[in-house]
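Please keep the sequence and the three-dimensional view open while you read these notes.

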Amino acid sequence: LAMYYKPDPNSAYESIRHITDDLWAGWLVRGMHRWGASVFIILLFLHMGRVFLFGAYKYPRELNWIIGVFILLLAMLEGFTGYSLPDDLLSGTGVRAADGFMKSIPFVGSYMSFFIFGGEFPGDAIIPRLFTVHVLLIPGLLLALIAAHMLLLVYHKHTQWPGPGRTEDNVVGFPMLPVYAAKAGGFFFIVFGVSAIMGGLLSSRALMGENR
């Protein structure tokens with residue numbers, strides 16, 4: 001998508017149409033990207049809900065919970081920036097709402113909007129800036145936070161129910177290799193397959209927001 005998308009207010013929409021209508025399987029890649037992003041945020045909510053309900057955020061894992069909250073917030077911001085890139089009527093409405101939210105901030109709101117949009121709304125800089133944030137800045141931050149999240153998981157050990165031989169300093173169960181690695185690989189292919197099916201069957205232009 002990044003190779004064919006043109007982050008320019010005058011050509012962004014047409015490049016999206018080119019990807020969807022002219023490129024081989026472009027519509028499928030866009031559909032998988034769209035549904036994969038939605039599934040990502042849904043699974044983040046479910047994962048954090050489980051952690052909260054079972055109390056796995058408590059000492060000594062408070063920092064990992066905070067990292068998870070930032071991952072969720074960044075994921076939603078990533079979704080908004082990607083949702084805004086087609087520059088069609090749907091995404092334009094969302095960007096206009098964001099402009100209104102910024103301008104509602106006392107004292108600095110109008111200056112913030114002018115700076116971010118490169119002038120009065122809609123400006124001429126918001127699309128390339130959103131593109132940079134979407135494909136470089138936020139993904140880099142997400143990778144760093146996920147790496148820190150996993151390192152803390154290894155350090156603190158995975159949570160487990162009380163039982164014989166189980167303490168805060170060990171994990172009783174199957175080893176990571178090959179059991180959990182095989183499970184993780186299987187889940188990956190299941191999610192990939194479901195995303196492909198949804199991208200192929202549930203990504204008509206009406207669902208993709210193709211309105212101008």
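**Notes on the helices and rings**

1. The buried residues of α2 pack against α1 (12–21), α3 and α7, where a helix is a DSSP run of H or I with at least four residues, numbered from the N terminus, and where contact means heavy atoms within 4.5 Å. Those buried residues are G26, R30, G31, M32, I41, L44, M48 and V51; buried means under 20% relative accessible area, exposed means over 50%, and partly exposed lies in between, with a 1.4 Å probe and protein chains only.

2. This is a predicted model, in which local features need pLDDT of at least 70 and side-chain atom pairs count only at pLDDT 80 or more, while totals for chains, interfaces and linings use all residues. Residues are numbered from 1 along each chain as its sequence is written, and side-chain values use heavy atoms, with hydrogens and water left out.

3. After α2 comes G55, whose phi is positive, near 70 degrees.

4. Helix α4 (residues 89–103) has 15 residues and reaches 21 Å from its first C-alpha to its last, close to the 21 Å expected. Its buried residues are S91, G94, V95, A98, D99 and M102. They cover an arc of only 145 degrees around the axis, which puts them on the same side of α4; the arc is that of the directions from the helix axis to the C-beta atoms. An α-helix has 3.6 residues a turn, so residues three or four places apart point the same way. The cover over the buried residues of α4 includes α3, α5 (109–117) and α6.

5. In α5, which residues are buried? They are G109, S113 and F117, and, seen down the axis of α5, they fall within an arc of 50 degrees, so they line one face of the helix. On the other side of α5, Y111 and F115 are exposed. Among the elements that cover the buried residues of α5 are α4 and α6, and α5 is followed by G118, whose phi is positive, near 70 degrees.

6. F121 lies in the loop between α5 and α6 and is partly exposed, with a relative accessible area of 25%. Leaving aside neighbours within four places in sequence, F121 is in contact with G92, V95, R96 and D99. The charged end of R96 sits over the ring of F121, 4.4 Å from its centre; a charge sits over a ring if NZ of Lys or CZ of Arg is within 6 Å of the ring centre and within 35 degrees of the ring normal. In a further case, the charged end of R129 sits over the ring of F115, 5.6 Å from its centre.

7. Rings of Phe, Tyr and Trp (its six-membered ring) pair if their centres lie within 6.5 Å, and planes under 30 degrees apart count as stacked, over 60 as edge-to-face and the rest as tilted. By this rule there are nine aromatic pairs. One of them joins F54 and W161 edge-to-face, with 5.3 Å centre to centre and 90 degrees between the planes. F54 lies in the loop between α2 (26–53) and α3, and W161 in the loop between α6 (126–156) and α7 (176–201), so the pair ties together parts that are 107 residues apart in sequence. F54 is exposed at 54% relative accessibility, and W161 is exposed with a relative accessible area of 58%.

8. The rings of Y57 and W65 have their centres 5.5 Å apart and their planes at 45 degrees, so the pair is tilted. Y57 is partly exposed at 25% relative accessibility, and W65 is also partly exposed, with a relative accessible area of 25%. Ring pairs link F52, Y57 and W65 into a cluster.

9. Not counting residues up to four places away in sequence, T81 touches L130, V133, H134 and I138. A polar contact of 3.0 Å joins the side chains of T81 and H134; such a contact is a pair of N or O atoms within 3.5 Å, and within protein one must be able to donate a hydrogen and the other to accept it, while residues adjacent in sequence count only if both atoms are side-chain atoms.

Technical notes:
Helices (H or I, at least four residues) and strands (E, at least two) are DSSP runs, numbered from the N terminus. The expected span of a helix is 1.5 Å times one less than its number of residues.
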